Amino acid sequence: MAKRCGKRKIDSECRAFNPQWTHDYFFVQLKEKAVCLVCQETVAVFKEYNLRRHYESRHKDKYASLHGQMRAEKMSKLKTGLFAQQTTFVRQTQLNQASVRASFRVAQLIASCGKSFTEGEFVKKCLNVVVEEVCPEKKDVFNAVSLSASTITRRVEEIGGDVYAQLQQKTKDFQFFSLALDESTDVQDTAELLIFIRGVNANFEMCEELAALQSLKGTTTGEDIFDKVCQTMQQLDLDWAKLASITTDGAPSMVGASRGLIGRMNREMEERGLTALLQVHCLIYQQALCCKVLKWDSVMKVVVSCINFIRANGLKHRQFQQFLSELESAYGDVLYHTEIRWLSRGKVLRRFYELLPEVNAFLQSKGKTVP
């Protein structure tokens, strides 16, 4: 019995387009296909029989009488029309892609500045005003950029998803990593848990990112926080064996040895047969405690007294601002300090020190003794 031959594959025949077919049958090669210059239909296989059959059945009656220079001119005209059409399609595609990229960049800028997503519509109005004055012929191009609130929302969500996907990819290369946690309450009295991650890969390249923002709807016990940490580690596919340390504040729900997060994490590590975690107390709170112990009253009382003298009275405050403006100072005012916002102490002292000559001159002009 004769062996049956397999089905012939066209790709394996390595057929090439013959330039003579353009003159004979009004076909050109475009993106690995033969395209008819007259009706713009395509023929997938570079085979003369297919091209000749198409030409004789559809266009021969009209173009068979063209010879020599007339045929060449007609062919050139058809080529120009086809390539112009292709160029238009490419240009429109490029404009659409540029509009989408511009929309993404504006959305990223709005999100990074903490602005409302509805600001995109205002930005577009501003763009249209500028375009009408500078380059009115480009108005349609700028109108194609979608900056509606819903579009900005989708763009930000897509950017966030892409950033999270990049973080997931980076965590796969971590040799060791550590976590830092902080729990606070938003304006709607919902507890929000921020989980930061810092890791190092085999090339000693550091990566520090916000791993998750978890909402605690009910209680905020150590067990609740532990569940959110486990959920984050599962989402990022993190290995417990690579967890080296954890940083928290001094809240009982965080540092409790039995029911706090640290105690629960250590029990989890013990159950997995791993070494206990290195616990680090948040340094910024340690700085605050040090400031309270050091008793900076000799400095802060003088600074606060001078600032209150300037800002407590509206007239003096305006005069001081005008005084700084006349001196062309780098700053336009001094800063207030309150005990509740203890993080502002450093900024207040730095600003006061940098404006010390101006403050000294102003106080002397008001007859106040400078301490």
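In this predicted model, helices α12 and α15 cross in a left-handed manner. The two elements span residues 297-311 and 356-365, respectively, and their axes come within 11 Å of each other, crossing at roughly 60 degrees. Because angles of 65 to 115 degrees count as roughly perpendicular and those under 35 degrees as roughly parallel, α12 is oblique to α15. On the α12 side, the contact is formed by Cys306, Phe309 and Ile310, which meet Val359, Phe362 and Leu363 of α15. The residues of this contact comprise six nonpolar ones, with no polar and no charged residues.

Attention now turns to the sheet. Five strands build an open sheet with mixed pairing, and reading across it gives the order β6-β5-β4-β7-β8. From one strand to the next, the twist averages 20 degrees.

Within the sheet, β4 (residues 176-185) runs parallel to β7 (residues 243-248), and the two strands pair over four bridges. Here Ala180 stands opposite Thr247 of β7.

Helices also pack on this sheet. One of them, α7 (residues 149-171), touches β5 (191-200) and β6, and its direction makes about 120 degrees with that of β6. Helix α10 (residues 261-271) packs on the sheet as well, touching β4, β7 and β8. The direction of α10 makes about 170 degrees with that of β7.

Definitions and conventions:
Residues numbered from 1 in each chain as written. Predicted model: local features only at pLDDT ≥ 70, side-chain atom pairs only at ≥ 80, totals over all residues. Heavy atoms only, no water. Axes fitted to C-alpha atoms, helices over the stretch in contact; angles between N-to-C directions. Parallel < 35°, antiparallel > 145°, perpendicular 65-115°, else oblique. Left-handed = near helix turned anticlockwise from the far one by under 90°. Contact = heavy atoms within 4.5 Å. Nonpolar A, V, L, I, M, F, W, Y, C, P; charged D, E, K, R; others polar. Pairing = 2+ DSSP bridges.
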